Amino acid sequence: MVDELPCSDLRVVRSNNGTVTITTLDDETQKTVRRSPEAFLSSGLIVCEGSTEIGLCKALDNWWMEAGHYDPLAVKGISLVDGNGVTSERYVERMASIGYSTAFFGDSDRTLNPSQSALEAAGATVIIWAESLSLEERLTKDLPWTGVQDLLALAVSLLTEDRIRAGVCGKFPSDKTALKGAITSWPNSTELRTAIGLAAKDGDWFKRADIGEQVGGIVATYLPTISTTDLAVKVSALRAWIDSHE
């Protein structure tokens, strides 16, 4: 098994138009080998910033397959890898630098280290949200209000209505009278969308891959109706990167 070997015993061998290259792995790659050995047997990697993005990508993969026009990621030899938050960029840089076709799919609410330009210089594709937002904030900004209500309903089913209400109220700076009624009756507003996104992020409402899949199911339902939003544009960019592996 790949993950049982030290890096000193591993080589990455590639053939390009008859030219064979052999890359030696250094000690810095050992954690990568232990964490995601299947990645070394893949032709392409989507490094997701966290488990929610992993689940979202799995849901999108299913949605694309059900549309009847796309092969699953596994057929294309593409693996989903959890970058574990702030360690994602180093992982992306390392895998791209040793010749793996690599995309980073993550948030933009923190400074990337290495930077986006450095990752791209290493050969990676970087797909992050506009406006310095987390996934949760992007969803609540771009989904139609019915989609945001679907997210709230999912959060309530996973946690409790009291916890969701308290989380949102804590992020809502204006008069909270409108938030005293049933969550399903909350009125649509930019301010409330922002509060819900921040509460979801800080409260870790969806921080599991299986929950991320449920979130992804909600996203897939509404994507055809929000094609001009950054959410839809970045999902399309991810699809375009996948299609480059035909």
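Helices (H or I, at least four residues) and strands (E, at least two) are runs assigned by DSSP and are numbered from the N terminus. The model described here is predicted, so that local features are considered at a pLDDT of at least 70 and side-chain atom pairs at pLDDT 80 or more, while totals for chains, interfaces and linings use all residues. Residues are numbered from 1 along each chain as its sequence is written, and side-chain values use heavy atoms, with hydrogens and water left out.

The protein contains 10 helices and six strands. Its radius of gyration, which is taken over C-alpha atoms, is 20 Å, close to the 18 Å that the globule rule gives for 246 residues, so the protein is as compact as a globular protein of that length; the rule itself is 2.2 Å times the number of residues to the power 0.38. Along the principal axes, the C-alpha atoms fill a box of roughly 70 × 40 × 30 Å. Of the 246 residues, 47% count as buried, where buried stands for under 20% relative accessible area, exposed for over 50%, and partly exposed for values in between (1.4 Å probe, protein chains only).

A contact requires heavy atoms within 4.5 Å, and among contacts between residues at least 6 apart in sequence, 68% join residues at least 24 apart. The protein exposes about 11600 Å², of which carbon and sulfur atoms supply 51%; these areas come from the Shrake-Rupley method with a 1.4 Å probe, and for residues only the protein chains shown count as cover. There are 23 positive and 34 negative side chains, and the centres of the two sets lie 3 Å apart. In this count Lys and Arg are positive and Asp and Glu negative, whereas His and the chain ends are not counted, and each charge is placed at NZ of Lys, CZ of Arg, CG of Asp or CD of Glu.

A cis peptide bond, with omega about 0°, joins asparagine 113 and proline 114, and proline 114 is found in the loop between strand E5 (101–106) and helix H4 (116–121). The C-alpha atom of proline 114 is separated by 26 Å from that of aspartate 243, these residues being 129 apart along the chain. Aspartate 243 is found in helix H10 and counts as partly exposed at 27% relative accessibility.

Helix H5 is mostly covered, since seven of its eight residues are buried; these are Leu135, Glu136, Glu137, Arg138, Leu139, Thr140 and Asp142. The cover over the buried residues of H5 includes helix H2 (51–66), helix H6 (145–158), helix H8 (190–202), helix H9 (209–222) and helix H10 (230–243). Glycine 197 is located in helix H8 and is buried, with a relative accessible area of 0%. When residues up to four places away in sequence are not counted, glycine 197 touches Glu136, Glu137 and Thr140. Glycine 197 and valine 168 are 29 residues apart in sequence, and their C-alpha atoms are 8.5 Å apart in space.

Glutamate 161 belongs to helix H7 (residues 161–171) and is partly exposed, with a relative accessible area of 34%. Apart from residues up to four places away in sequence, glutamate 161 touches Val156 and Ile183. Glutamate 161 and alanine 232 are 71 residues apart in sequence and 29 Å apart in space, C-alpha to C-alpha.
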